[in-house]
Every structure is written in structure tokens, then in C-alpha cells.
Amino acid sequence: MMKYQFKNKTVHLEKVSAGNFDVLMDLSVHASQEDFVAPNGYSMAEAYAVLSDGRFVQAFGIYDGDTPVGFAMIGHNAFTEPDCPASYKNSYYLWRFMIDQRYQGRGYGKDGVQLLLDYIRSFPDGEETTCCVSYEPANEAAKRLYAFFGFVPNGEMDYDEEIAVLSLI
Ligand SMILES: CC(C)(COP(=O)(O)OP(=O)(O)OC[C@H]1O[C@@H](n2cnc3c(N)ncnc32)[C@H](O)[C@@H]1OP(=O)(O)O)[C@@H](O)C(=O)NCCC(=O)NCCS
């Protein structure tokens, strides 16, 4: 893939911390998108629970300069349920991803995914060869966004969501 050109020059990730969790909780999607992603407060509570169990998760604010524009969460071997999709085993995944409704359509989605993939490729919890994502079949924007980065649906489902996989090698 050609080198990605960021659309927003000062876009960056900031790890969720005691200093920023409350502003990130206030970010939201359009009402028509609410079925596509959990509220950020729920995701942060889930991240806390997973971390307490000693498994890997990292939640981020997506910022442009000082302005929080989105929220994301990645995981690695964080699911222990026996019926967990096979694709998720020994793989990183983009677990949650959203751009606030006020900032959509300006390239932050693409910039945010690129930043997350750069972080995942630093292998913060050990090397893996794949990264997964899942989305509702009706979520055309997500499908196109992830396909741009090379994610390919592999036919497996996570409940009602399609799983798509990106090779990291
Ligand atoms: C999906 C989402 C993250 C995209 O964020 P964004 O900042 O608007 O995305 P960008 O401006 O970077 O656009 C990235 C690509 O997404 C796709 N896209 C974005 N909005 C779209 C729309 N309304 N219809 C179809 N495709 C769309 C396009 O492929 C676009 O690339 P292009 O403009 O070069 O064609 C955002 O719409 C969102 O937060 N949705 C609700 C939460 C969600 O669905 N999260 C994903 C859960 S798996």
C-alpha cells in the first residue's frame, strides 16, 4: 500500500486517562448510527474490567490539536469465552471506533484508523500476523473505511456483525 497521507496535520491519539475520560465520554454519533457502536462510557467501563482481568486493551481519544474528535479501543486476546470467533484468537482487533457527529466527513476516520494501525504494528502486547474488525452489515461507511486499509471479510460473524481481517505482515 502507498504511504498514507494524513488529511489532518495535527491529528493524534491520546491514551484514555483520568484527565480526559470525561470529555471523551461526551462524544457521540448521529442517532442513526447508535446501533453501530457502544457509547464511549460503556467502552471505557469494559476496558477497565478487561484490564482488571489482566488482559490487553488500550482505549484512546482521537485528537486534532487540543480538540477531541473521536474515540477508539483496541484489544488483543481479550476474549476468553469458548464461543469467541476463531478470527479473534491470536489477533489484534479494532474493538471500538467512532468519530463524533460534529467532526465526521473530514478525514478523521481514515486518519484515526491509520494511527491505530501504526500503534498495533508496534506490537504493544506481542507480535501477531493479523488485525480484525467487525461491523454491522448495514454500516456502509465502516465497510468502506476498513476496506480502504485492506481489511477483507472472511465470512465469520461476531453475532450479527461481519468480521474483516487485515494481514499485518
Ligand atoms: C465510520 C466513521 C468512523 C467514519 O468517520 P469519518 O470521520 O466520517 O470518516 P472519513 O471522513 O475519514 O471518511 C473515511 C471513509 O469512510 C467512508 N464513509 C464515510 N462516511 C460515509 C458515508 N456516509 N457513506 C459511505 N461511506 C462513508 C468512505 O469510504 C470514506 O472515504 P472517502 O471519503 O475517501 O470515500 C463514522 O461515520 C462513525 O463514527 N460512525 C459511527 C460509529 C461507527 O460506525 N463506527 C464503526 C464501528 S465498526
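1. Helices (H or I, at least four residues) and strands (E, at least two) are taken here as DSSP runs, numbered from the N terminus. The model is predicted, so that local features need pLDDT of at least 70 and side-chain atom pairs count only at pLDDT 80 or more, while totals for chains, interfaces and linings use all residues. Residues are numbered from 1 along each chain as its sequence is written, and side-chain values use heavy atoms, with hydrogens and water left out.

2. Asn-90 is found in the loop between strand 3 and strand 4, and its phi is near 55°, a positive value in a residue other than glycine. The loop between strand 3 (67–76) and strand 4 also holds Asn-77, which has a positive phi of about 45° although it is not a glycine. Most residues other than glycine have a negative phi.

3. A polar side-chain atom of Lys-110 lies 2.6 Å from a ligand oxygen, a polar backbone atom of Ile-99 is 2.9 Å from a ligand oxygen, and a backbone N or O atom of Arg-106 lies 3.4 Å from a ligand oxygen.

4. Which element gives the largest share of the shell around the ligand? Helix 4 does, with four residues.

Notes. Polar contact = N/O pair within 3.5 Å; in protein donor to acceptor, adjacent residues only side chain to side chain.
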